[in-house]
Amino acid sequence: MTKPPLTLYLAAPRGFCAGVDRAIKIVELALEKWGAPVYVRHEIVHNKFVVDGLRDKGAVFVEELSDVPSDRPVIFSAHGVPKSVPNAAEARNMIYVDATCPLVSKVHIEAQRHAEAGLQMIMIGHAGHPETIGTMGQLPQGEVLLVETPADVASVMVRDPERLAYVTQTTLSVDDTAEIVAALKARFPAIIGPHKEDICYATTNRQEAVKAMAPRCDAMLVVGAPNSSNSRRLVEVGARAGCAYAQLVQRAADIDWRALDGITSIGITAGASAPEVLINEVIEAFKQRYDVTSEMVETAQENVEFKVPRVLRIPA
Ligand code: 10G
Ligand code: SF4
């Protein structure tokens, strides 16, 4: 039987960012240095396949530091942690390695710097997300106000409208955030923001590539996990940029083939925590059913790399 033709657009950049790469490397090097078990507080990155792979090598994933025995090393996930977490680890004399992405740590420092200068902080982010909890947790409870929407900006109660600053989560929708920032600036003209926004290069680049790809394809799949914020943003960006069907899939088995019936083009991308092996698995699944012609939609090139902490650069 002849296969139907399909143009497969592949977004670039897609998949792993430098912060994810570094965080996974940190767990692998920690296992080499200290042996199993090495504990990881929260999923090192939001991807079940990555987490399962590291668990097989001896990593133990827990949600709270209190679940880690004091005599085993613990890694903090790439999303960052409130200050209370390393403080508690130090109080218990634990070995800990912070895998917080340096671009998230930069936001933590920003928030602290503004607070020290006497400004009240507003964070643009998603309630309950570990990065938001981590960034807000750089300052005492109640010090950072969270806004998620322009409507929140309209109702937020501040101490002094003349002495405000804002930071953002790094994985937000660039366009939605611009609207929230505009609302903040309209209500509080004196508010101070980051020199360049806190949304990171990887988030920005992946969303740009989706915007270029989405109007060209009948359907679009984002490889990523349901708890991966940046991956979910890519689905939204794709739908808004004109793709009639945009869906998140964890791997090939999740593809709803019936929903794709009749398509002649498909766009594929992946969130910053999705490994290339899963993207390839999805591409292969299309190749089995269609006569695929591939085309890359490349809107940027990336060459960012972050070093692992010094303690893991020294052999055991
Ligand atoms: O997109 P989120 O923040 O949910 O995380 P992820 O693990 O899916 O992707 C990597 C991004 C981070 C570590 C947050 S800076
Ligand atoms: Fe770092 Fe951006 Fe990746 Fe988050 S998404 S880990 S901030 S590079």
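Q: If Ala, Val, Leu, Ile, Met, Phe, Trp, Tyr, Cys and Pro count as nonpolar, Asp, Glu, Lys and Arg as charged, and the others, Gly among them, as polar, how many nonpolar residues does the shell around ligand 2 have?
A: The model is predicted: local features need pLDDT of at least 70, side-chain atom pairs count only at pLDDT 80 or more, totals for chains, interfaces and linings use all residues, and side-chain values use heavy atoms, with hydrogens and water left out. Residues are numbered from 1 along each chain as its sequence is written, while chains are lettered from A and ligands numbered from 1 in the order in which they are written. Cys17, Gly19, Cys101, Leu103, Val104, Thr170, Thr171, Cys200 and Tyr201 surround ligand 2 (a heavy atom within 4 Å). Three of these are polar and none is charged, and the number of nonpolar residues is six.

Q: Where does ligand 1 sit?
A: A cavity is a set of points, on a 1 Å grid over the protein atoms alone, where a 1.4 Å probe fits but cannot get out. A molecule sits there if more than half of its atoms lie within 2 Å of the grid points. Ligand 2 sits in the largest cavity, and ligand 1 likewise sits in the largest cavity.

Q: How many charged residues are in the shell around ligand 1?
A: Ligand 1 has 15 residues around it, and His46, Ser228, Ser229, Asn230 and Ser273 come nearest. By class, four are nonpolar and ten polar, and the number that is charged is one.

Q: What share of the exposed area of ligand 1 does the protein bury?
A: Polar contacts are pairs of N or O atoms within 3.5 Å. An oxygen atom of ligand 1 lies 2.6 Å from a backbone N or O atom of His46, and one is 2.7 Å from a polar backbone atom of Ser229. For a backbone N or O atom of Asn227, the distance to an oxygen of ligand 1 is 3.5 Å. Taken alone, ligand 1 exposes 390 Å² (Shrake-Rupley method, 1.4 Å probe), and the protein buries 96% of that.

Notes:
A polar contact is a pair of N or O atoms within 3.5 Å; within protein, one must be able to donate a hydrogen and the other to accept it, and residues adjacent in sequence count only if both atoms are side-chain atoms. On a 1 Å grid over the protein atoms alone, a cavity is a set of points where a 1.4 Å probe fits but cannot get out, and a pocket is an open set with protein on both sides within 12 Å along at least five of seven lines; lining residues have an atom within 4 Å of a point. Ala, Val, Leu, Ile, Met, Phe, Trp, Tyr, Cys and Pro count as nonpolar, Asp, Glu, Lys and Arg as charged, and the others, Gly among them, as polar.
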